[in-house]
Amino acid sequence: MDHAADAHRTDLMTITRFVLNEQSKYPESRGDFTILLSHIVLGCKFVCSAVNKAGLAKLIGLAGETNIQGEEQKKLDVLSNDVFVKALVSSGRTSVLVSEEDEEATFVEPSKRGKYCVVFDPLDGSSNIDCGVSIGTIFGIYTLTHTDEPTTEDVLKPGNEMVAAGYCMYGSSCMLVLSTGTGVHGFTLDPSLGEFILTHPDIKIPTKGNIYSVNEGNAQNWDGPTTKYVEKCKFPKDGSPAKSLRYVGSMVADVHRTLLYGGIFLYPADKKSPNGKLRVLYEVFPMSFLMEQAGGQAFTGKKRALDLVPEKIHERSPIFLGSYDDVEEIKALYASEE
């Protein structure tokens, strides 16, 4: 047994240690945010474990059937939603929860309320489960700014008021990417320890990338600027090399790759979806928050994404996010249309 190697393994920056270090910078902090994050992390571990078993459960006839106790086996996205709602409520630190799976916002009972509101998509890209493609959980956190009865107005705020955002990707490894407003950090789950370890400190997106990511199947319905931009990616007129196309169709996977390698992710409005397809609160805002924190940009076709003020909890918006210079190009094309 290599004791030296094992001793080295114990000196790891776990996500808990990282968040406690951050907390110590704020002497007035009571640790509420740390407790909330630890509950989100627990939810991510649970879902990661469930996602890994999804195929097997189907193989032995579990998914969608009744188990021995007479409980119906739940589809993974429903199960993930239940896990996160329970984890967030039991933290005692939340008041309003908005989930992609629930039509209405969830208001936490008074005895368990806290000062945070959490918006989340418990399992984004769940249609990809059966083919083994990466899927993930996306979340954003707002602070409650009053002591009155909470309402949906408490989450209908621009993304620039979020205090933290992140996603957990369940793929070849389970990775949690988080920002509390002081840069972006990536943690990878070490299954042997059951701990998220800091593997990607202070992620910075390259200023310019050579990848573009968009569903080209919608090209016939695009507007002018998007069409021109994608044309420019494929047939550059300035002698620069063409960009590569990479599109998984799972937002977490596509944004994760964009964050690490640079480039641009586009989900524009089109004739079929005039308001775009992605939801503002728990897809557009958290990913835009992370992109800006990593030195990139996020744009809706009209304005900075984080300046949007949503009117409904499941509102949608077009989105262009990624490397600073690449987003500048699409902004210029929209500006020239006006």
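**Cavity, pocket and helix contacts**

The largest cavity is lined by Val214, Asn215, Asn218, Trp222, Leu266, Tyr267, Pro268 and Asp270. The model is a predicted one, in which local features need pLDDT of at least 70 and side-chain atom pairs count only at pLDDT 80 or more, whereas totals for chains, interfaces and linings use all residues. Residues are numbered from 1 along each chain as its sequence is written, and side-chain values use heavy atoms, with hydrogens and water left out.

A cavity is a set of points, on a 1 Å grid over the protein atoms alone, where a 1.4 Å probe fits but cannot get out; a pocket is an open set with protein on both sides within 12 Å along at least five of seven lines, and lining residues have an atom within 4 Å of a point. Five nonpolar, two polar and one charged residues make up its lining (Ala, Val, Leu, Ile, Met, Phe, Trp, Tyr, Cys and Pro count as nonpolar, Asp, Glu, Lys and Arg as charged, and the others, Gly among them, as polar).

The second largest pocket has a volume of about 440 Å³. Its lining comprises 19 residues, and Gln23, Tyr26, Ser29, Phe33 and Tyr116 lie nearest the centre. Two or more lining residues come from each of helix H2 (15-23), helix H3 (32-59) and strand E3 (113-124), these elements being DSSP runs numbered from the N terminus (helices H or I, at least four residues; strands E, at least two). H2 gives the largest share, four residues. By class, this lining has seven nonpolar, seven polar and five charged residues.

Helix H6 (residues 251-261) and helix H7 (residues 280-293) cross at roughly 15 degrees, and their axes come within 11 Å. Axes are lines fitted to C-alpha atoms, for helices over the stretch in contact, and angles run from 0 to 180 degrees between N-to-C directions. H6 and H7 are therefore roughly parallel to each other (under 35 degrees; over 145 is roughly antiparallel, 65 to 115 roughly perpendicular and the rest oblique). In contact (heavy atoms within 4.5 Å) are Met251, Val252, Val255, Thr258 and Leu259 of H6 with Glu283, Met287, Leu290 and Met291 of H7. This contact has seven nonpolar, one polar and one charged residues.

Helix H5 (residues 224-234) packs against helix H8 (residues 324-337) at about 140 degrees, with the axes 9 Å apart. That angle makes H5 oblique to H8. Pro225, Thr226, Lys228, Tyr229 and Lys232 of H5 meet Asp326, Glu329, Ile330, Leu333, Tyr334 and Glu337 of H8. Five nonpolar, one polar and five charged residues form the contact of H5 with H8.

Conventions. Points joined across faces, edges and corners; volume = space filled by probe spheres on them.
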